Amino acid sequence: MTRIVVVGSINMDLVTLAPRFPGPGETLTGDRFLTIPGGKGANQAVAAARLGATVSMVGCIGDDAFGDQLYDGLVAEGIDVTHVARIDGIGSGTASITVAGGENTIVVVPAANGRVTPAQVEAARAIIRDADAVLVQLEIPLDAVDATLRIAEEESTPVILNPAPAQRLPVEWLARVRFLTPNEHELALVLGAGDDVDFRELMRRAPCPVVLTRGSDGAWFRDGDDEPRHQPGFRVEAVDSTGAGDTFNAALAVYLAEGLDVAVRKACATAAIAVSRLGAQGGMPRADEVAAFLETHA
């Protein structure tokens, strides 16, 4: 069984379904409101667990009611929460999400996620050592991300870095990752390049292997000196794209032992199933659903 450690954010998603996105200063009547556990870190942890991995989560929650729900939700998914810290006097992270026409807009308030520390990651060194892969994103303090990359390198554990929310990253960070998993806009920001540069050229410039997501177009990937290769996306009716990237990253980590080509194909299929359902974690499939989907989709 694949062992995954996720270092990252844990949020409560406050989701509003609307007929369209409101304009500046506009009040719009929505169709439905939901509270759904989320956060890029927790999303990736849940997705990996549903695909059959043994998952440990490293992160922080607040001492509020959301914190109770988020903690219980991770436990219910069979995720090890030994390294999930509850921070007194602060709320849990939230993401206010509006969904319209299968797309979404998101405003994130980090709150307790901003309290993840290098010391907390260091305390998780043993599980990082024993893991098959570590997943980390940029919704926690950068010194904690840096510590994750350093410790994983010291323990020879491959790291998948999902650079979101995107920003320019140190070259030494990129040299430590097994795979960087941006979309094309994020890759341009990470490398300090303009959006006018073709994404395949940016993939060649990156000092690390890149698996780049392109929504319905699927994914492009490059390992070492290989030229970028394309995995087409799977045709589905999009309902909610929230968490699709997190689902993709988790599947990539879980299936990586089967080879990169297979892992990217299965990651695209897993993400396609997720966007056809409502909610980030609510839409994440289990391994048997992915297998059934691939049997009926070329």
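A salt bridge here is a side-chain nitrogen of Lys or Arg within 4 Å of a carboxyl oxygen of Asp or Glu. Welcome to a set of close-ups from a predicted model, in which local features need pLDDT of at least 70, side-chain atom pairs count only at pLDDT 80 or more, and totals for chains, interfaces and linings use all residues. Residues are numbered from 1 along each chain as its sequence is written, and side-chain values use heavy atoms, with hydrogens and water left out.

**View 1. Arg150 and Glu154 meet in a salt bridge.**
The N to O distance is 3.5 Å. Both residues belong to helix α5 (residues 142-154), where being four residues apart separates them by about one helical turn. Helices (H or I, at least four residues) and strands (E, at least two) are DSSP runs, numbered from the N terminus. Arg150 is partly exposed at 28% relative accessibility, and Glu154 is partly exposed at 45%. For these labels, buried means under 20% relative accessible area, exposed means over 50%, and partly exposed lies in between (1.4 Å probe, protein chains only).

**View 2. Arg214 forms a salt bridge with Glu184.**
Their closest N and O atoms are 2.8 Å apart. This pair links distant parts of the chain, 30 residues apart: Arg214 sits in the loop between β11 (210-213) and β12, while Glu184 is in helix α7 (residues 184-191). Arg214 is partly exposed at 28% relative accessibility, and Glu184 is partly exposed with a relative accessible area of 33%.

**View 3. Glu289 and Arg277 are joined by a salt bridge.**
Here the N to O distance is 2.7 Å. Glu289 lies in helix α11 and Arg277 in the loop between α10 (260-275) and α11, so the pair ties together parts that are 12 residues apart in sequence. Glu289 counts as partly exposed at 30% relative accessibility, and Arg277 is partly exposed with a relative accessible area of 26%.

A search of the whole structure finds 23 salt bridges.

**View 4. Phe199 and Trp220 form an edge-to-face aromatic pair.**
Rings of Phe, Tyr and Trp (its six-membered ring) pair if their centres lie within 6.5 Å; planes under 30 degrees apart count as stacked, over 60 as edge-to-face and the rest as tilted. By this rule the count comes to two aromatic pairs. In this one, the rings are 5.4 Å centre to centre, with 70° between the planes. Phe199 lies in helix α8 (residues 199-205) and Trp220 in strand β12 (residues 219-222), so the pair ties together parts that are 21 residues apart in sequence. Phe199 and Trp220 are buried. Arg200 lies over the face of Trp220, at 5.1 Å from the ring centre; such a charge needs NZ of Lys or CZ of Arg within 6 Å of the ring centre and within 35 degrees of the ring normal.

**View 5. Phe234 and Phe293 also pair edge-to-face.**
Their ring centres are 5.4 Å apart, and their planes stand at 75°. Phe234 lies in the loop between β13 (229-231) and α9 (244-255), and Phe293 in helix α11 (residues 287-296), so the pair ties together parts that are 59 residues apart in sequence. Phe234 is buried at 9% relative accessible area, and Phe293 is buried at 11%.
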